[in-house]
Amino acid sequence: SHIFSILYYAVILRQAMMPKLSLVSGTLAVLLAALLGNAPGVPEWKYDLPNIVEEEKGETIQFTGGDGTTTLTGRLFYPTGRKKQTPVVVLAHGFGLTQDCSLDIFVNAFNDAGFAAFTFDYATFGASEGFPRHVINPSGQIADLNAAIGAIQKTDSLRVDTSKIGLWGYSFGGGHVLVAAASQNPSIRAVVSQAPFLGSGTKTLLISTVALAKQLLASMKWALLGIVGKTWYVPIYGPPGSAAIMQNEGDNEGYASLLPPGGGKYGHRNAASVGSVFRVLMHRPINSVASVVAPSLLIAAEHDTLCPVEQVVKAAEIIEGAELLVLPGLGHFDVYSGDALKEILSSTTKFLKKHLK
């Protein structure tokens with residue numbers, strides 16, 4: 001590979017300049033090159049501007065993202081048979097997920113309850129622009145969420161009451177909606193945060209030594225490629241012992257269950273830039289929740305290893321008047337199926353009706 005070649009010639013140069021250190025340094029450099037040549041992950045992939053697919057349901061809305069330049073794509077779904085203006089719920093999805101990853105369950109539920117629903121893709125994901133692809137920047141995604149809220153407030157649709165906005169977020173997006181609500185935008189009348197990511201801790205870092213070694217190799221390759229303006233990717237989800245970011249027991253199957261067949265219309269890939277990992281480790285939405293004044297419903301799964309219930313309970317205690325729903329015996333991805341999903345949909349729509357109608 002080109003990395004091997006660069007390191008090889010670097011060794012030759014170092015031998016010429018520093019003979020006394022040539023043996024040690026040369027050996028280390030060759031070993032490093034050999035290791036990085038086998039680093040887990042994938043390189044950047046070819047990217048063309050997304051060809052927006054019009055669908056039978058919903059209205060496509062494109063708007064400028066939080067960085068002020070990137071074009072993001074969202075879809076506004078209206079409740080059927082509703083003639084007067086209706087409140088709208090903006091949905092923020094989880095880590096590496098796009099708007100065609102099982103959000104229709106909640107869109108349909110909100111529409112049936114009489115609300116409009118707005119989904120969107122963060123920059124570098126799905127139908128939204130941005131390159132390199134699949135870069136997860138928490139502050140950038142929160143800015144994109146605020147841009148989505150702004151786009152709704154600016155819409156000329158006579159069917160949406162832009163003074164009554166609800167926020168719904170799952171997992172990583174669950175933290176995003178709390179941070180967005182902390183801005184105390186008066187149009188945000190209700191917040192539902194489902195299994196929210198509130199900050200990394202010992203309970204969320206359950207990887208083995210083997211997995212840590214693989215991630216370290218991938219990180220080293222990412223750092224070297226960064227010198228020439230390239231990036232490197234590791235899997236978002238995978239089995240325990242892999243280089244995946246999410247690899248706790250059940251993550252591999254649970255995450256995959258949310259994805260559309262074949263990656264969907266915009267080719268979802270199981271990959272996130274290695275740099276995303278470092279940003280996520282530093283991200284702590286829990287530090288913002290004290291400023292949330294909008295009525296809030298926090299939902300936690302008792303056995304969630306990605307977003308521990310203890311953090312959600314703590315956030316609910318900090319947010320004045322927050323409601324808390326803890327689902328016993330469930331993990332992070334169990335909230336998308338069975339009786340748990342029914343309970344969540346019932347509690348969520350009831351809460352939104354109370355505060356948005």
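Biologist: By class, how many residues of the lining of the second largest pocket are nonpolar, polar and charged?

Modeller: The lining has eight nonpolar, six polar and six charged residues. Nonpolar means Ala, Val, Leu, Ile, Met, Phe, Trp, Tyr, Cys and Pro, charged means Asp, Glu, Lys and Arg, and the others, Gly among them, are polar. This is a predicted model, in which local features need pLDDT of at least 70 and side-chain atom pairs pLDDT 80 or more, while totals for chains, interfaces and linings use all residues. Residues are numbered from 1 along each chain as its sequence is written, and side-chain values use heavy atoms, without hydrogens or water.

Biologist: How much space lies in that pocket, and which residues are closest to its centre?

Modeller: A pocket is an open set of points on a 1 Å grid over the protein atoms alone, where a 1.4 Å probe fits, with protein on both sides within 12 Å along at least five of seven lines; lining residues have an atom within 4 Å of a point. The second largest pocket holds about 360 Å³, the volume being the space filled by probe spheres set on points joined across faces, edges and corners. Glu55, Arg75, Phe77, Gln99 and Asp100 are the closest to its centre among 20 lining residues. Strand S3 (71-77) and helix H3 (104-112) supply at least two lining residues each. Strands (E, at least two residues) and helices (H or I, at least four) are DSSP runs numbered from the N terminus.

Biologist: How many aromatic pairs does a search of the whole structure find?

Modeller: Rings of Phe, Tyr and Trp (its six-membered ring) pair if their centres lie within 6.5 Å; planes under 30 degrees apart are stacked, over 60 edge-to-face and the rest tilted. The search finds 14 pairs. Phe172 and Phe197 form a tilted pair, because their centres are 5.3 Å apart and their planes are at 55°. Phe172 belongs to helix H5 (residues 172-181), and Phe197 to the loop between strand S7 (188-194) and helix H6 (209-227), 25 residues apart. With a relative accessibility of 3%, Phe172 is buried, and Phe197 is buried at 8%. Buried means under 20% relative accessible area with a 1.4 Å probe, protein chains only.

Biologist: How far apart are the ring centres of Tyr237 and Tyr255?

Modeller: Their centres are 4.7 Å apart and their planes at 20°, so this pair is stacked. Tyr255 is in helix H7 (251-256) and Tyr237 in the loop between strand S8 (232-234) and H7, so the pair ties together parts 18 residues apart in sequence. Both tyrosines are buried. Ring pairs also join Phe106, Phe110, Trp168, Tyr170 and Tyr336 into a cluster.

Biologist: Which ring does the charged end of Arg159 sit over?

Modeller: A charge sits over a ring if NZ of Lys or CZ of Arg is within 6 Å of the ring centre and within 35 degrees of the ring normal. The charged end of Arg159 is over Tyr78, 3.9 Å from the ring centre. Lys221 is placed over the face of Trp232, 4.3 Å from the ring centre.

Biologist: Where is there a cis peptide bond, and which residues have a positive phi?

Modeller: Most residues other than glycine have a negative phi, and most peptide bonds are trans. The bond from Phe131 to Pro132 is cis, its omega near 0°. Pro132 occurs in the loop between strand S5 (116-120) and helix H4 (138-154). Ser102, although not a glycine, has a phi of about 65°; Ser102 lies in the loop between strand S4 (86-92) and H3, and is buried at 14% relative accessibility. Ser171 has a positive phi near 60°. Ser171 sits in the loop between strand S6 (160-170) and H5, buried with a relative accessible area of 6%.

Note on methods:
Buried means under 20% relative accessible area, exposed over 50%, partly exposed in between (1.4 Å probe, protein chains only).
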